[in-house]
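Subject: Structure handover and findings

Dear colleague,

Please find below the structure that I am handing over to you. My notes on it follow, arranged by region.

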Amino acid sequence: MTPPGDHTTSLGERQAASGIEGLDSILHGGFPREEMHLVQGASGTGKTTLALQFLISGAEAGESALYITLAQTRRGLEAIARSHGWSLEGVTVHDLSPGDLAEDLGPEQTVLRTADVELGELTRRLRQVIEQTQPRRVVFDSIGVIGLLAGSPARYHREIVMLRQFLVTRGCTALFLGEWPSETHREGPLNTEFHSIAASVIHIEHTALDFGEVRRRLRVIKVRGVPFRSGYHDFRIRTGGLEVYPRLEAGQGEEYAEFRQLQSGIESLDRLLGGGLELGTACLLIGPSGAGKSTLAAVYACAAAREGNAAAVFLFEERPETFKARAIGMGIALQPHLDSGRLTIEQLNPTDITPGEFAHRVRAAVEDREAKVVVIDSVTGYFNAMGDVSLLSVQMHELLNFLSVRGVLTLVVVTQEGFMSVGPIPSVDVSYLSDSVLSLRFFEADGAIRRCVAAIKKRKGEHETTIRELFISTEGIRVGDTPLRQFRNLLTGIPEPSGAGQGSASHGGMAAREAGGSRG
């Protein structure tokens, strides 16, 4: 029978759950049992919080848990636990600080170096505590103290090997915490000595940006004999512990291949797109601010909700109240779908959220709420969250591939430099990642600002290649019935008369009358 707190992997290895859902997913179950593991990182990265979650998870499953602190105090650990709303009931905390050892050894000091005597006493006490408490889970905080007392990498290596053998024979699963890179020795990093002995190594780090929240991420360097999810994974330290966001893997589950069309409900727009947009594809809505990108995205989100499917809108650049008010003002009935729960609108703060957390929220919308339409408004805000343009396309490709495999229509809004632009906008070309591209532009004619729309590309099926006028007003949204043949260079925003169809002004007046004389 598998003991409480264990998971059995496909390889038949028993693993101890960490108590952190995302980390257990990365480790495909948890830490291998009856082994020693290293969690390394700089001060403040979350090592102690992770260790406490590991022990508390075991205690809640009925396992004996022991925290041996060589650096922290019991009071400090209790304060950390209280800050997360935890109780250390079931977790034994034992303080073996070197200062206490030195005081105890004072009368027994010999011609041997103090460090040699202290290390011997420390090792003896470690064994004694473990034999007395018979723990199933152990945390050592931190290995740096052992390294300092060892004095040389060779002796450090020997002590760690002996300690590992002692733990394994007593059925302990042990987490050793280590500072990185500050716990070093003049002959080389002592943590490196641990890597060859430990069954798994997890490296955690944090980065302070010029503006916004500190970003934290972890990487599993190795797990002996057990598969794991490689690469960097973002995480947060929240009240309640670490929240880890595993990197997306698109290849999980059955791949969607139906590519069913979703119609917007605006007949003229659907004609332009050859019938509609397909589930399992990504559509780029590109144009300057105010051209109608978010409005069209709202149209498709509502269309999915009308069919009984779920849709999720993620906003980086405006408040949900603004998004809803504008859509309702254009005759888009969002509220009934919001009330039913089929439509969700979530605001994200680019200075606070990480790409990994964003991907986690999108994944939750798809897997938990079964969303069939996802709106990302806008990719410019997503870029601000990323902070590194060189990684943007890779991360976006991973996210869009994940959504495509699961049969989700993704609408990606991109603000294009042009009319109403103030200052330079980061140039990030993601058009090659999309299956469809709708370009929206302003143009000036007949003394008025007007809008136009064109389907630049569509991989699934045929589409019209004409440029049509786009009408957005309180009466709704409509695409012009006839192409704007009287102009050329429309998509540049500075059109010129084409010579086709005499009297462009009268044609424009006719178009205005067709739209009810109102352009939003």
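At what angle do helix α6 (residues 143-150) and helix α7 (residues 153-169) pack, and how far apart are their axes? In this predicted model, the angle between α6 and α7 is about 130 degrees, and their axes are 8 Å apart. The two helices are therefore oblique to each other, and α6 passes α7 in a right-handed crossing. On the α6 side the contact is made by Ile143, Ile146, Gly147 and Ala150, and on the α7 side by Arg155, Tyr156 and Ile160.

An open sheet is formed by nine strands in the order β6-β5-β7-β8-β4-β11-β12-β13-β14, and its pairing is mixed. Strands β6 (91-95) and β14 (241-245) stand at the edges; each has a single partner strand, so one side of each is left without a neighbour in the sheet. From one strand to the next, the twist averages 25 degrees.

Helix α13 (residues 355-367) packs on this sheet, where it touches β12, β13 and β14. The direction of α13 makes about 90 degrees with that of β13. Strand β12 (residues 215-223) and strand β13 (residues 232-238) run antiparallel and are joined by four bridges. In this pair, Arg217 stands opposite Asp234 in β13.

Strand β7 (residues 137-141) has parallel partners in β5 and β8. With strand β5 (residues 65-69), β7 pairs in the parallel sense over five bridges, and Tyr67 stands opposite Val139 in β7. With β8, strand β7 also pairs in the parallel sense over five bridges. Here Arg137 has Thr173 of β8 as its bridge partner, while the bridge partner of Val139 in β8 is Leu175.

Are the residues of β7 buried or exposed? Five of the five are buried, so β7 is largely enclosed by the rest of the structure. Arg137, Val139 and Asp141 point one way from the strand, whereas Val138 and Phe140 point the other way, and all are buried. The charged residues Arg137 and Asp141 are thus among the buried positions of β7.

Strand β8 (residues 173-179) is likewise largely enclosed by the rest of the structure, because six of its seven residues are buried. Strand β4 (residues 36-41) pairs with β8 in the parallel sense over six bridges. Leu175 of β8 is the bridge partner of His37, and Leu175 is also the bridge partner of Val139.

The sheet that contains β24 and β25

A further open sheet of nine strands has the order β19-β18-β20-β21-β17-β22-β23-β24-β25, again with mixed pairing. At its edges stand β19 (343-347) and β25 (476-483), each with a single partner strand, so one side of each is left without a neighbour in the sheet. The twist in this sheet averages 20 degrees from one strand to the next.

Strand β24 (residues 467-473) and β25 run antiparallel, joined by five bridges. Within this pair, the bridge partner of Arg468 in β25 is Pro483. Helix α11 (residues 320-329) lies across β18 (310-315), β19, β20 (371-377) and β24, and α11 runs at about 135 degrees to β19.

Ser436 is placed in strand β22 (residues 436-445). Its relative accessibility is 1%, so Ser436 counts as buried, the cut-off being under 20%. Apart from neighbours within four places in sequence, Ser436 is in contact with Leu277, Ala282, Cys283, Leu284, Lys457 and Lys458.

Leu400 belongs to helix α15 (residues 389-405). With a relative accessibility of 9%, Leu400 also counts as buried. When residues up to four places away in sequence are not counted, Leu400 touches Ala282, Thr410, Val412 and Leu433. Val412 lies 12 residues from Leu400 along the chain, and the C-alpha atoms of the two are separated by 9.6 Å.

With kind regards

Notes. Residues numbered from 1 in each chain as written. Predicted model: local features only at pLDDT ≥ 70, side-chain atom pairs only at ≥ 80, totals over all residues. Heavy atoms only, no water. Buried < 20%, exposed > 50% of the residue type's maximum accessible area, 1.4 Å probe, protein only. Pairing = 2+ DSSP bridges. Contact = heavy atoms within 4.5 Å. Axes fitted to C-alpha atoms, helices over the stretch in contact; angles between N-to-C directions. Parallel < 35°, antiparallel > 145°, perpendicular 65-115°, else oblique. Left-handed = near helix turned anticlockwise from the far one by under 90°.
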